[in-house]
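Biologist: Please bring up the model, and then let us go through it one question at a time.

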Amino acid sequence: MAYRSLYVMSEQESLKSSSVRNRGGVQRVEGKLRASVERGDYYEAHQMYRTLFFRYMSQAKHAEARELMYNGALLFFSYNQQNSAADLSMLELESLEKSGAKVDDETLEHLAKLFSLMDPNSPERVAFVSRAIKWSSGGSGKLGHPKLHQLLALTLWKEQNYSESRYHFLHSSDGEGCAQMLVEYSSARGFHGEVDMFVAQAVLQFLCLKNKTSALVVFTTYTQKHPSIEKGPPYVQPLLNFLWFLLLAVDGGKLTVFTVLCEQYQPSLKRDPMYNEYLDRIGQLFFGVPPNQSSSYGGLLGNLLNSLMGSGEEEEGEEAQEDSSPIELD
């Protein structure tokens, strides 16, 4: 037994020493590459990064490959070498995809950091975020990891890209952050008479995604913090009163209440043709309303609504939709 214990300890020390040597090797290589970049030899350094990446991958050193690509991308970003930085960012994603790496907070934060440094107008950024979201799903769904969506939403909010930020907030479950962004969005870009419409769309879309908690949080936070909304309920704006009653009715699940509510507030609901489409779906999800084959989910409008909901139906055993791309929320 003593001999076996010594053998196990020896193996553990050997693995630890090997890890230290590998880390030391990566640091030495990074030092040389950094020196090349600092001299302005961007092309040479970029090619060397790529060579080392494929060498590490062929040796199944996936963690070392990812670390090298992440640090290299940050270095190139710091010298405003967008193309080289974006290429190394994509290689990090390639390593994640091919190695079957598990989704964790640190990796999601790395991906969000790289996204935040990319040129907002570059096609590389679009390709990067699409692959990052797909990888972060981990095979469990098509909408991506909520944490990644939250980090992306925060970056887009800082860039004042409110429409795209709202899409990612919807899939992040961060109702409070979404509400705060919408308050800023409404104040900066909206008309005074539209303050209720900004939150109405978010509440209805959260409910279409079966996220009652975030729907309630976004409504409560928005109405409390928006400077143009008087304290309620009841509210001056009829649409806000409708949303308040709807959130109460969703918990009760009584079809008669839902039907009367929609009928009474039709003048407010006609302000946006999408409202009744969302409510058709909410009626099916929470009140047992059968699908209306003649009107719901037909044509372009139906495709947009289906794309919003993505694969959320899979959890309930319903048929999943194929298209999970973002909808235009403006």
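**Contacts, burial and rings**

Biologist: Which residues does serine 172 touch, not counting residues up to four places away in sequence?

Modeller: This is a predicted model, in which local features need pLDDT of at least 70 and side-chain atom pairs count only at pLDDT 80 or more, while totals for chains, interfaces and linings use all residues. Residues are numbered from 1 along each chain as its sequence is written, and side-chain values use heavy atoms, with hydrogens and water left out. Contact means heavy atoms within 4.5 Å, and once residues up to four places away are set aside, serine 172 touches Pro146, His149 and Gln150.

Biologist: Is serine 172 buried or exposed?

Modeller: With a 1.4 Å probe and protein chains only, buried means under 20% relative accessible area, exposed means over 50%, and partly exposed lies in between. The relative accessible area of serine 172 is 8%, so this residue counts as buried.

Biologist: Which backbone oxygen does the side chain of serine 172 reach?

Modeller: Serine 172 is in the loop between helix H8 (162–170) and helix H9 (175–189), where helices (H or I, at least four residues) and strands (E, at least two) are DSSP runs numbered from the N terminus. At 2.8 Å from the side chain of serine 172 is the backbone oxygen of phenylalanine 169.

Biologist: How many aromatic pairs does the structure hold?

Modeller: Rings of Phe, Tyr and Trp (its six-membered ring) pair if their centres lie within 6.5 Å; planes under 30 degrees apart count as stacked, over 60 as edge-to-face and the rest as tilted. By this rule, the number of aromatic pairs in the structure is 10.

Biologist: What is the angle between the planes of tyrosine 49 and phenylalanine 76?

Modeller: A pair of aromatic rings is described by the distance of the centres and the angle of the planes. For tyrosine 49 and phenylalanine 76, the centres are 5.8 Å apart and the pair is edge-to-face, since the angle between the planes is 65°.

Biologist: How many residues apart are tyrosine 49 and phenylalanine 76?

Modeller: Tyrosine 49 belongs to helix H2 (residues 42–58) and phenylalanine 76 to helix H3 (residues 62–78), so the pair links distant parts of the chain. The separation between the two is 27 residues.

Biologist: Which ring does the charged end of arginine 125 sit over?

Modeller: A charge sits over a ring if NZ of Lys or CZ of Arg is within 6 Å of the ring centre and within 35 degrees of the ring normal. The charged end of arginine 125 is 3.8 Å from the centre of the ring of phenylalanine 115.

Biologist: How many disulfides does the structure hold?

Modeller: A disulfide is a pair of cysteine sulfur atoms within 2.5 Å. Cysteine 208 is buried at 3% relative accessible area, and cysteine 262 is buried at 12%. The number of disulfides in the structure is zero.

Key:
A polar contact is a pair of N or O atoms within 3.5 Å; within protein, one must be able to donate a hydrogen and the other to accept it, and residues adjacent in sequence count only if both atoms are side-chain atoms.
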